[in-house]
Amino acid sequence: MIRVAKLSKTYRGASGAVHALREVDLDVARGEFFVLLGPSGSGKTTLLRSVAGLERPDGGEIEVGGHAAFSSERKLFVPAEERGVGMVFQSYAIWPHLTVFENVALPLTQGKKRLARERVRQRVADALKLVGMEEYAARPAPLLSGGQQQRVALARALAIDPEVLLMDEPLSNLDARLREEVRVKIKAVARELRVTVLYVTHDQVEAMTLADRIAVMADGRILQAGAPDELYRRPASPRVAEFFGAINWLRGEARGGVVETEIGALRLAVDGAAPGRIVVGVRPEDVKLSAARAEADNVLVGEVRSAVFTGGEFLYDIEVNGKLLLARAMSDREALKGTVFVHLPSARMALFREDPS
Ligand SMILES: Nc1ncnc2c1ncn2[C@@H]1O[C@H](COP(=O)(O)OP(=O)(O)O)[C@@H](O)[C@H]1O
Ligand SMILES: [Mg+2]
């Protein structure tokens with residue numbers, strides 16, 4: 001539905017060149033909810049605006065809905081209003097002097113694709129119903145809460161009946177409660193309409209709760225794309241792993257099937273790789289603690305340095321051979337104290353070669 005190939009964009013200013021996109025490839029299937037996740041400045045907005053037709057890339061290709069939308073080689077640039085995309089931005093971009101109805105109707109009554117009045121009325125009513133705002137049609141826009149204004153912005157994007165919905169951090173101006181409300185609405189509407197969504201955020205939790213697939217971006221590149229659990233469980237690099245929450249890092253040296261780490265020898269599937277410097281990542285929930293020694297590989301002895309009760313679970317600092325490991329465990333029992341056994345299941349550890357550089 002959306003295909004991006006070797007897309008490049010460089011901004012040149014007084015302070016030099018910024019490579020916002022470096023030969024980015026992306027494929028989003030029809031009906032997929034696809035999230036671009038990355039820190040500020042990683043190129044997410046530039047990529048989204050390029051797909052929308054609001055930005056002219058320097059090189060590469062873009063296809064939307066099976067039609068070429070941009071090609072540097074063929075000198076092709078299809079204008080935004082002809083790409084069949086709806087957009088929702090971080091700022092609601094709602095006109096304060098118009099009612100809710102008039103705001104949603106705007107894209108249907110302006111430009112080339114003007115619709116007859118009765119069609120407009122129907123489309124606006126349908127779009128407002130989708131976002132649960134049909135009661136508010138006559139309301140002046142400034143009298144709405146932030147969450148309601150963003151739902152109106154979503155209705156306006158949906159009113160044109162787009163094949164593709166593009167959203168750039170649509171929740172970031174909302175407080176936590178409204179963010180949740182609008183997030184649920186966006187997911188429900190996307191499901192119901194089976195519209196293809198390309199959604200930008202810097203928030204890992206937002207990405208994981210919304211996405212069928214996520215592409216992690218940094219420095220104008222896609223580091224890895226995949227389903228949320230795939231990125232979480234099998235990150236392609238430490239950088240991607242860091243993106244998806246806390247992780248313990250252990251440095252070590254691979255020798256056969258064993259990695260000599262800073263906390264002791266661990267048995268790991270190093271499968272025939274050449275010996276060398278390695279870094280092992282293990283998530284806090286995969287650091288298994290017990291008062292009695294487990295019959296397994298990779299069981300070490302540690303000391304509980306602190307245990308914090310967070311409601312459903314305990315967060316532990318465990319000292320193992322001089323290094324502190326973060327561990328997370330259900331709080332259905334008393335917190336562990338003193339000396340504990342620390343089991344690191346090999347299947348739960350991610351192995352990376354340390355960069356030779
Ligand atoms: N119009 C512009 N002029 C100059 N530099 C820009 C412009 N837009 C974006 N950039 C730069 O391009 C890089 C990527 O920006 P952007 O796509 O907005 O990232 P993100 O949305 O991930 O925060 C940043 O370094 C940003 O400062
Ligand atoms: Mg941005």
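Which residue's side chain does the side chain of R233 meet in a salt bridge? I looked this up first, and the partner is D286, at 3.1 Å from N to O. I took a salt bridge as a side-chain nitrogen of Lys or Arg within 4 Å of a carboxyl oxygen of Asp or Glu.

**Conventions.** I note that this is a predicted model, in which local features need pLDDT of at least 70 and side-chain atom pairs count only at pLDDT 80 or more, while totals for chains, interfaces and linings use all residues. Residues are numbered from 1 along each chain as its sequence is written, chains are lettered from A and ligands numbered from 1 in the order in which they are written, and side-chain values use heavy atoms, with hydrogens and water left out.

**Domains.** I read the bounds as 2-236 for domain 1 and 246-353 for domain 2; such bounds come from an automatic or database domain assignment. The two centres, taken over C-alpha atoms, are 40 Å apart.

**Interface.** I found four residues of domain 1 in contact (heavy atoms within 4.5 Å) with five residues of domain 2. About 460 Å² is buried between the domains, and carbon and sulfur atoms give 40% of this area. On the domain 1 side, Y232, R233 and P235 lose the most area to domain 2, together 91% of what that side buries. Buried area here is the accessible area (1.4 Å probe) that two parts lose on being put together, summed over both. I counted one salt bridge between the domains.

**Ligand 1.** I listed the residues around ligand 1 (a heavy atom within 4 Å); among them are Y11, V18, P39, K44 and T45. For G41, a backbone N or O atom lies 2.6 Å from an oxygen atom of the ligand. Polar backbone atoms of S42 and of G43 are each 3.1 Å from an oxygen atom of ligand 1. Taken alone, ligand 1 exposes 560 Å², and the protein buries 59% of that; the areas come from the Shrake-Rupley method with a 1.4 Å probe.

Key: Polar contact = N/O pair within 3.5 Å; in protein donor to acceptor, adjacent residues only side chain to side chain.
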